[in-house]
Amino acid sequence: MIVLHFNWISLGALTETVTLAGLTFILLLTAPDWYAKASARLGLGLLVSVAVLASVFDLPFSLSAGAGSFDTVILLLLGIGVMRVYLQEQNVAVLIERALRHQWIASKPRAPFIIYGGLTFFLSLAVVPLVGTLTRKTSLDYHKHVRTAMRAVGATMFLLPTTVGAAAVSVMFPDLSLGQAVLLGAPLALATIMLTRPARPSVETPRGPALETHSRPRVGLPLGIFLCVFVVSQWLLGQTTVTSVALALVIAGTLSLVACFGMLQAIQALQGSFRRSGAEIFLFLACGTFQAALTGLDLNLLMQMTPASFKELLASASVFSLVIIGGLPLLTIFGIHPMILFAGLFPLLHPFTEVAPAIEYLTWIAMFVVAQLVSPVSISAVSAASSIDESTWNVSFVSHGRFAVVFVLFCVIYFPLITAHA
């Protein structure tokens, strides 16, 4: 097979400048829709902090470099938004409700986990509020279904970077083999399923009337396009996994909208995706600028100044996983966004790591999984709480605290084992 290595997303300073110009235009155009969101405020505060630190410690402050750091993650955000519009227009909730009503599925306690995980590959974190809104209209235990959906989202992060947290980590490991990541990540995804207590089988009658649709939802069309684009991008063009996923979502969602509803609907979907994602785009721009500033640090000097005992500790797979997966999510409980922690700490901790790239990659993925479950300010918790009219604390730490402790312990055992056999 001929592989064409066409890295269109990283063409140097010119591409970064063009990317920044495009993002600036989009952010200014959609400012009324996102400027008051919490993610935007976090991004603004981070940008100001980076500017101050850069001036004090003589570090680079480059918005264009920041735009280039997570450009594929931003593309993924937009792709998720477009795909979400298509599936909403196709009334995918009908399919979910039919599945939950089906007697065979209702008798399988772990079936909802698999269904919600499958939807995550196309809807990302949007699965959580969709499940909450839908199951709340039924006699099902919607608290347990939302909990299951949140953990199902986490399980998929170990397999493909279709959520922004996993995508941000994937960007840092462009040479990582997808097959190796899936092979080593599958036990973690399986552990997430097995550690989730399934809801009791239920075939109860819904409270309200069944959802109706005048046409059969067309979900095969975007699935086929997604797979074709992903295969071509990943194995023919030689793109990274996150770039391939982002391209596949954007193209599949757009072409499906054009085919079913026309060009105008597709353009409106793109505009809506920009408006909904503006705050997160701004946050990623700030995190990229933060990370770019840290590249000005003298890492060799940092290594020399670091005590040997500290280096030895971080060189241990068990200690490294405990610090990243067990320690950092505790900070997110108090309101620190996991993306900010990752942008600031990855460049500082990466030089001290002696584990294989695939293991380090999965360690940071696990950090995002635990953080989005236990932090009351995570996007997952906020959307879950609003969909079932519950407090963010109850749907995050209260609901997932014990699971997080057991899962961290599993990781602390699992990573040294695969390190020893690597």
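**Helices, loops and helix contacts in a predicted model**

Ser 233 lies in helix H13, which spans residues 220-236; helices (H or I, at least four residues) are DSSP runs numbered from the N terminus, as are strands (E, at least two). The structure is a predicted model, in which local features need pLDDT of at least 70 and side-chain atom pairs count only at pLDDT 80 or more, whereas totals for chains, interfaces and linings use all residues. Residues are numbered from 1 along each chain as its sequence is written, and side-chain values use heavy atoms, with hydrogens and water left out.

Ser 233 has a relative accessible area of 2% and is therefore buried. Here buried denotes under 20% relative accessible area, exposed over 50%, and partly exposed the range in between, with a 1.4 Å probe and protein chains only. When residues up to four places away in sequence are not counted, Ser 233 touches Gly 238, Gln 239, Ser 244 and Leu 247, contact being defined as heavy atoms within 4.5 Å.

Val 219 is located in the loop between helix H12 (178-194) and H13. With 32% relative accessibility, Val 219 is classed as partly exposed. Apart from neighbours within four places in sequence, Val 219 is in contact with Leu 87 and Leu 95. The C-alpha atoms of Val 219 and Phe 230 are 17 Å apart in space, for a separation of 11 residues in sequence. A further loop residue, Thr 163, is placed between helix H10 (142-157) and helix H11 (164-171). The relative accessible area of Thr 163 is 3%, so this residue is buried. Neighbours within four places in sequence aside, the contacts of Thr 163 are Leu 76, Thr 120, Ser 124, Val 153 and Met 157.

Helix H14 comprises residues 241-261; at 1.5 Å a residue, its 21 residues should span 30 Å, and the 29 Å between its end C-alpha atoms agrees with this. The expected span is 1.5 Å times one less than the number of residues. Of the 21 residues of H14, 15 are buried, so the helix is largely enclosed by the rest of the structure.

Helix H18 (residues 317-333) contains 17 residues and reaches 24 Å from its first C-alpha to its last, close to the 24 Å expected at 1.5 Å a residue. Its buried residues are Ala 317, Phe 320, Ser 321, Ile 324, Ile 325, Leu 328, Pro 329, Thr 332 and Ile 333. An α-helix has 3.6 residues a turn, so residues three or four places apart point the same way. The cover over the buried residues of H18 includes helices H17 (308-315), H19 (338-349), H20 (357-374) and H22 (392-420). H18 is followed by Gly 335, whose phi is positive, near 105°.

The axes of H10 and H20 come within 9 Å and cross at roughly 170°. Axes are lines fitted to C-alpha atoms, for helices over the stretch in contact, and angles run from 0 to 180 degrees between N-to-C directions. H10 is therefore roughly antiparallel to H20; angles under 35 degrees count as roughly parallel, over 145 as roughly antiparallel, 65 to 115 as roughly perpendicular and the rest as oblique. Met 150, Arg 151, Gly 154 and Met 157 of H10 form the contact with Tyr 361, Ile 365, Phe 368, Val 369, Gln 372 and Leu 373 of H20. By class, this contact has seven nonpolar, two polar and one charged residues, where Ala, Val, Leu, Ile, Met, Phe, Trp, Tyr, Cys and Pro count as nonpolar, Asp, Glu, Lys and Arg as charged, and the others, Gly among them, as polar.

For helix H21 (residues 379-388) and H22, the axes come within 7 Å and cross at roughly 125°. H21 is therefore oblique to H22. The residues in contact are Ala 381, Val 382, Ala 384, Ala 385 and Ile 388 of H21 and Thr 392, Val 395 and Ser 396 of H22. The contact of H21 with H22 has six nonpolar, two polar and no charged residues. Asp 389 is situated in the loop between H21 and H22. With a relative accessible area of 61%, Asp 389 is exposed. The phi of Asp 389 is near 55°, a positive value in a residue other than glycine.
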